[in-house]
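Let's take a friendly walk through a protein model, one part at a time. Keep the sequence and the 3D view side by side as you read.

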Amino acid sequence: MKIIHLEDVDSTNAYIMRNVGELEAPVMVAAYRQTAGQGQRGNSWEAEPGKNLTFSIFYRPVALPPMAQFSMSEAVALAVVDFLGAHGVEAKVKWPNDIYVGDKKICGILIRHSVMGGVVSYSVIGVGIDVNQTLFLSDAPNPVSMKQITGETYDLQMLEKEIADIVERRLEGVNDPDIRIKLHEEFMKNLWRGDGKEYPFADTATGETFMAHIESIASHGPITLRLLDGSERTYAFKEVSFQ
């Protein structure tokens, strides 16, 4: 996969969206400094310049139906878990696609899809992995970096090539239903708080908090929670939050 390095950009996702017509997929756009990097729900992503992996990948899946687009999210999340595991960092996927080490967030993922003609025509996969940063100044409640965990300082350009290759391998064949089934099974095995125990959740529409365990996650993304009274609730993205 080709890698484009930028010194300064608002966000790598925005850069790709502005240049969709000129970029040849697959390509990674990596930035030394992002001035407006974003995470899920429009949150800003704190990244000290030159200390972390902040990049987006422009990718064109082959004949992927829109209902299967969550498989791409699963593939990318598992690629990050693979990458971190290769460096001695055991990570899990927090639904839908944050990456956690214990109860701390080490990576955020934001994927945007363009759908045309009944298929996903292209995807912009934004990833931020905390690597060498050790001081976090924002009000983010629980960040952690690879360096904080392992004590090592990493060469970011070497890591860029490594993660680009892993993501590309994970995305290969995502249009194959059999591969998507295996991806989903592996995603469930690597799920943060997917151990059957009860945890606190909050309904984002009503503000109600409740205890539940993760019953299942549909292949197209929604999560089903089983409450203490045995009832079930199913939520789409942004409709429920972990507490």
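Predicted model: local features only at pLDDT ≥ 70, side-chain atom pairs only at ≥ 80, totals over all residues.

## A pair of strands in the middle of the story

Leu-53 has Ile-129 in strand E7 as its bridge partner. The two strands behind this pairing, E3 (53–59) and E7 (119–129), run antiparallel and are joined by 7 bridges. Strands here are DSSP runs labelled E of at least two residues, while helices are runs of H or I of at least four residues, both numbered from the N terminus. Two strands count as paired if DSSP finds at least two bridges between them. In general, strands of a sheet pair through backbone hydrogen bonds, either parallel or antiparallel.

Is E7 enclosed or open to the outside? Of its 11 residues, 10 are buried, so E7 is largely enclosed by the rest of the structure. "Buried" means under 20% relative accessible area, "exposed" means over 50%, and "partly exposed" lies in between (1.4 Å probe, protein chains only).

Residues are numbered from 1 along each chain as its sequence is written, and side-chain values use heavy atoms, with hydrogens and water left out.

The pLDDT is the predictor's confidence in each residue, from 0 to 100. Its average for the protein chain is 94, and 95% of the residues score at least 70. Over residues 40–44, however, the pLDDT is below 50; this stretch has 9 contacts in the model beyond near neighbours in sequence. A contact means heavy atoms within 4.5 Å.

Now zoom out. The open sheet is formed by 7 strands in the order E1-E2-E3-E7-E6-E5-E4, with mixed pairing. Which strands stand at the edges? They are E1 (2–9) and E4 (92–94); each has a single partner strand, so one side of each is left without a neighbour in the sheet. From one strand to the next, the twist averages 25 degrees.

Strand E1 runs parallel to E2 (residues 27–34), and 7 bridges join them. In this pair, His-5 stands opposite Ala-30 in E2. Strands E6 and E7 pair in the antiparallel sense over 10 bridges, and here His-113 stands opposite Ser-123 in E7. The hairpin of E6 and E7 has 2 residues between the strands, and in this hairpin Gly-117 takes a positive phi near 60 degrees.

Helix H4 (residues 156–171) lies across E1, E2, E3 and E7, running at about 35 degrees to E3. These angles run from 0 to 180 degrees between N-to-C directions, using axes that are lines fitted to C-alpha atoms, for helices over the stretch in contact.

## The nonpolar cores

A nonpolar core is a set of buried Ala, Val, Leu, Ile, Met, Phe, Trp, Tyr and Cys residues joined through side-chain atoms within 4.5 Å. The largest one has 62 residues, and Leu-84, Ile-99 and Ile-129 have the most contacts inside it. Apart from it lies another core of 12 residues, among them Val-29, Ala-31, Phe-58 and Tyr-122.

Take a look at Val-81, which lies in helix H2. At 12% relative accessibility, Val-81 is buried. Not counting residues up to four places away in sequence, Val-81 touches Ala-91, Val-93, Ile-99 and Asn-190.

## Salt bridges

A salt bridge is a side-chain nitrogen of Lys or Arg within 4 Å of a carboxyl oxygen of Asp or Glu. By this rule there are 10 salt bridges. One of them links Asp-165 and Lys-161, with the closest N and O atoms 2.7 Å apart. Why are these two about one helical turn from each other? They are separated in this way because they are 4 residues apart in helix H4. Asp-165 is partly exposed at 22% relative accessibility, and so is Lys-161 at 41%. Elsewhere, salt bridges that share partners join Asp-82, Arg-170 and Glu-186 into one network.

Arg-18 and Asp-10 also meet in a salt bridge through their side chains (2.8 Å, N to O).
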